[in-house]
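Please read them alongside the coordinates.

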Amino acid sequence: WFHTGSCLVHSVLQASRMSKFENVKEIYLHVHTANDDAIRFYARFGFSIKETIKNYYKRVDPPDCYVLARELGPHTFPEAVPAPEEVKIRTVKDGH
């Protein structure tokens, strides 16, 4: 699934560079707070945790999710995606 997911995210980021999306400045998504693999996966594409939404899910424990976001634009597109072990997850709380 990793390769398929990478291709999908990369396609969305590439499409965001098209002129018809020039006014779109940020893209965001929700990830379950316990899904560390997904958080690291999206961090490889420049996403970082911006906020936590409490009680987002109804049948999952914990019921919270993170909002991950990434700025868009030609200056923000990653030329090389780092390996998972090189990714450091940035959060709003620690600012790193």
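**Notes on the aromatic cluster, core and sheet**

1. Phe41 has a relative accessibility of 6% and therefore counts as buried, the cut-off being under 20%. The model is a predicted one.

2. Tyr42, at 21% relative accessibility, counts as partly exposed. Phe47 is buried, with a relative accessibility of 6%.

3. There are 4 aromatic pairs in the structure. In one of them, Phe41 and Tyr42, the ring centres lie 5.0 Å apart and the planes meet at 80°, so the pair is edge-to-face. The pair of Tyr42 and Phe47 is also edge-to-face, because its planes stand at 70°, with centres 5.7 Å apart. Ring pairs join Phe41, Tyr42, Phe45 and Phe47 into a cluster.

4. The largest nonpolar core comprises 12 residues, among them Phe41, Phe45, Phe47, Val31 and Leu68. Two or more core residues come from each of α1 (2–15), β1 and α2. The biggest contribution is that of α2, with 3 residues.

5. The sheet is open and has 3 strands in the order β1-β3-β2, with antiparallel pairing. From one strand to the next the twist averages 30°.

6. Helix α2 (residues 36–43) packs on this sheet and touches β1, β2 and β3; the helix direction makes about 165° with that of β1.

7. Between β1 and β3 (residues 65–71) the antiparallel pairing runs over 7 bridges. Val31 has Tyr66 as its bridge partner in β3, and Val31 is also listed in the largest nonpolar core.

Technical notes: Residues are numbered from 1 along each chain as its sequence is written. This is a predicted model: local features need pLDDT of at least 70, side-chain atom pairs count only at pLDDT 80 or more; totals for chains, interfaces and linings use all residues. Side-chain values use heavy atoms; hydrogens and water are left out. Two strands pair if DSSP finds at least two bridges between them. Helices (H or I, at least four residues) and strands (E, at least two) are DSSP runs, numbered from the N terminus. Axes are lines fitted to C-alpha atoms, for helices over the stretch in contact, and angles run from 0 to 180 degrees between N-to-C directions. Contact means heavy atoms within 4.5 Å. A nonpolar core is a set of buried Ala, Val, Leu, Ile, Met, Phe, Trp, Tyr and Cys residues joined through side-chain atoms within 4.5 Å. Buried means under 20% relative accessible area, exposed over 50%, partly exposed in between (1.4 Å probe, protein chains only). Rings of Phe, Tyr and Trp (its six-membered ring) pair if their centres lie within 6.5 Å; planes under 30 degrees apart count as stacked, over 60 as edge-to-face and the rest as tilted.
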